[in-house]
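Keep the sequence and the structure side by side as you read.

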Amino acid sequence: DDVQPDIITFNGLIDACGKGQQWRHALDAFCELRIAALVPDVVSFSSLSGACARSYQWELALACVVEMGESFVQANAVSCSAAISACQRGQHWERALDILGA
């Protein structure tokens with residue numbers, strides 16, 4: 001029997017890639033999650049946003065937050081914090097204010 005990865009497996013992989021500053025691998029894992037017909041959850045999006053933030057990919061981190069809303073996944077403090085951190089690293093504080101709704 002083949003063991004198929006589930007959402008928890010993919011979320012762990014995305015998070016591990018992010019911690020290793022491998023944002024492209026994190027993005028690949030996120031795409032594979034969808035190819036596997038799994039639905040990304042708040043952890044999936046937050047992990048990908050964090051991976052992008054750690055690698056100074058602020059635009060991708062923001063795109064994660066936008067896509068969360070489009071996917072009807074409620075953003076949480078972790079996902080918003082990752083996107084805000086990405087904006088700070090990219091020196092785009094104005095975008096951080098947009099996330100906060102200011």
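## Helices α3 and α5

α3 and α5 pack with their axes 8 Å apart, at an angle of about 15 degrees. Helices here are DSSP runs of H or I, at least four residues long, numbered from the N terminus. Axes are lines fitted to C-alpha atoms over the stretch in contact, and angles run from 0 to 180 degrees between N-to-C directions. α3 and α5 are therefore roughly parallel; angles under 35 degrees count as such, and those over 145 as roughly antiparallel. Their crossing is left-handed, that is, the near helix is turned anticlockwise from the far one by less than a right angle.

From α3, Ser46, Ser49, Gly50, Ala53 and Arg54 meet Val78, Ser79, Ala82, Ala83, Ala86 and Arg89 of α5. Contact means heavy atoms within 4.5 Å. By class, five of these residues are nonpolar, four polar and two charged. Ala, Val, Leu, Ile, Met, Phe, Trp, Tyr, Cys and Pro count as nonpolar, Asp, Glu, Lys and Arg as charged, and the others, Gly among them, as polar.

## Basis of the model

This is a predicted model, in which local features need pLDDT of at least 70, side-chain atom pairs count only at pLDDT 80 or more, and totals for chains, interfaces and linings use all residues. Residues are numbered from 1 along each chain as its sequence is written, and side-chain values use heavy atoms, with hydrogens and water left out.

## Helices α1 and α2

The axes of α1 and α2 come within 8 Å and cross at roughly 165 degrees. The two helices are therefore roughly antiparallel. Their crossing is left-handed. α1 contributes Ile7, Phe10, Asn11, Leu13, Ile14, Cys17 and Gly18, while α2 contributes His25, Ala26, Ala29, Phe30, Glu32 and Leu33. This contact has nine nonpolar, three polar and one charged residues.

## Helices α2 and α3

The axes of α2 and α3 come within 8 Å, crossing at roughly 160 degrees. That makes this pair roughly antiparallel. The crossing is left-handed.

## The nonpolar core

The largest nonpolar core has 22 residues, and Ile14, Ala26, Phe30, Phe45, Leu48, Leu62 and Ala86 touch the most other members. Such a core is a set of buried Ala, Val, Leu, Ile, Met, Phe, Trp, Tyr and Cys residues joined through side-chain atoms within 4.5 Å. Buried means under 20% relative accessible area (1.4 Å probe, protein chains only). α4 gives the largest share of this core, six residues.

Key
Buried < 20%, exposed > 50% of the residue type's maximum accessible area, 1.4 Å probe, protein only. Parallel < 35°, antiparallel > 145°, perpendicular 65-115°, else oblique.
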